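Read it alongside the sequence and the coordinates.

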Amino acid sequence: MAKEYQYHSNIWLEEPEPSNPFAAKACFCSGYDVHNDVIPNAGWFEYLLLLFKGEQPKKQDTALLEKLAMVLANPGPREASVRAAMNAGVAQTNHSSALMAALAVGAGQYGGAQELSICITLWQECQFDITRWQERLLNPSNDERADIWLPMEHAPGFDPNGEQTPTPILQSLELLAGLAPANGALAWLKANRQALELHVGYPLAMSGLAAAALVDLGMDEDQGSMLYLMLRLPGAAVHALEQKQVGWKNFPFYGPAIELEKDAFPESKDRKGEHK
């Protein structure tokens, strides 16, 4: 008799079906029976926190994650990762390409998951010391390999192209801080946002807000980056689908540029000298 294959995971345990060793009869997530207990009784965000943290979440954490997911769900067509998905959609490529484009572009250091990861690392280092924050935001270390990530060129968690804090970020900060611990990262960020913005010279970005929320949820930089990438995919998906339907002639923002480019060149002539 062949030896039964054993896999090792601290997160997941499966009992195989007697008739099919490739199919699970029962699944356990950190000790909880997924199909008999978790799915019938828990919500999606409770399950998500159980997967990431390995323990039953507090109601406060579940409520915070749900609202954070809504805040991040659609960054909008001006955001780079969504634009990447839209380009894939308008090109009529397959759906996985659109999502992979959004993930690739959304993984970077300008509003992306790598910037968020650096922010969470700074939270671990600076905690609630505003003097330390002011020093480190202007000199963020980068321990990653230089051939993967270049040094940060702006204060992580802040928008180098902005002049004032966008209204949705202010609204989201107010909402999320009200759901988070009173002595947590979001509450501190709310109290010190203006001082930090004045120090770095530009406004808070969504990456900085999300990092504080994920710190309050007990996520490290790796867990936070994964969630940040995942939670922004719904907007990328729906905008890619929309662009697949409307076509390249109606692709937003670049229409006037096309008209200018068209007008910049004289009409071509055929061999008889007549305009086409």
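Residue classes come first: Ala, Val, Leu, Ile, Met, Phe, Trp, Tyr, Cys and Pro count as nonpolar, Asp, Glu, Lys and Arg as charged, and the others, Gly among them, as polar. On that scheme, the lining of the largest pocket has 16 nonpolar, nine polar and five charged residues.

This is a predicted model, where local features need pLDDT of at least 70 and side-chain atom pairs count only at pLDDT 80 or more, while totals for chains, interfaces and linings use all residues. Residues are numbered from 1 along each chain as its sequence is written, and side-chain values use heavy atoms, with hydrogens and water left out.

**Largest pocket**

- A pocket is an open set of points on a 1 Å grid over the protein atoms alone, with protein on both sides within 12 Å along at least five of seven lines; a cavity is a set where a 1.4 Å probe fits but cannot get out; lining residues have an atom within 4 Å of a point.
- Grid points are joined across faces, edges and corners, and a volume is the space filled by probe spheres set on the points.
- The largest pocket holds about 760 Å³ of space.
- Its lining has 30 residues, and Pro 75, Glu 79, Asp 159, Ile 169 and Met 206 lie nearest the centre.
- Helices are DSSP runs (H or I, at least four residues), numbered from the N terminus.
- α3 (59-72), α8 (167-179) and α10 (206-216) each supply at least two lining residues of this pocket.
- The largest share of the lining, three residues, comes from α8.

**Cavities**

- The whole structure has three cavities of 30 Å³ or more.
- The largest cavity contains about 100 Å³.
- It is lined by 13 residues, with Trp 123, Trp 133, Phe 158, Leu 189 and Gly 208 closest to its centre.
- α9 gives the most to this lining, with three residues.
- The lining of the largest cavity is eleven nonpolar, two polar and no charged residues.
- The second largest cavity holds about 50 Å³.
- Arg 232 and Ser 81 are among the residues that line the second largest cavity.
- α5 (95-105) and α12 (233-246) each supply at least two residues of that lining.

**Nonpolar core**

- A nonpolar core is a set of buried Ala, Val, Leu, Ile, Met, Phe, Trp, Tyr and Cys residues joined through side-chain atoms within 4.5 Å.
- Buried means under 20% relative accessible area, exposed over 50%, and partly exposed in between (1.4 Å probe, protein chains only).
- The largest nonpolar core has 45 residues, and Leu 68, Trp 133, Leu 137, Phe 158, Leu 186 and Leu 214 touch the most other members.
- The largest share of this core, eight residues, comes from α6.
- Beyond its neighbours within four places in sequence, Leu 214 is in contact (heavy atoms within 4.5 Å) with Leu 68, Leu 116, Ile 120, Met 219, Gly 224 and Leu 227.

**Aromatic pairs**

- Rings of Phe, Tyr and Trp (its six-membered ring) pair if their centres lie within 6.5 Å; planes under 30 degrees apart count as stacked, over 60 as edge-to-face and the rest as tilted.
- The structure holds six aromatic pairs.
- The Trp 44 and Phe 45 rings have centres 6.4 Å apart and planes at 55°, so this pair is tilted.
- Phe 128 and Trp 188 also form a tilted pair, because their ring centres are 6.3 Å apart and their planes at 50°.
- Phe 128 lies in the loop between α6 and α7 and Trp 188 in helix α9, so their pair ties together parts 60 residues apart in sequence.
- Phe 128 is partly exposed at 40% relative accessibility, whereas Trp 188 is buried at 12%.
- Trp 123, Phe 128, Trp 133 and Trp 188 form one aromatic cluster.
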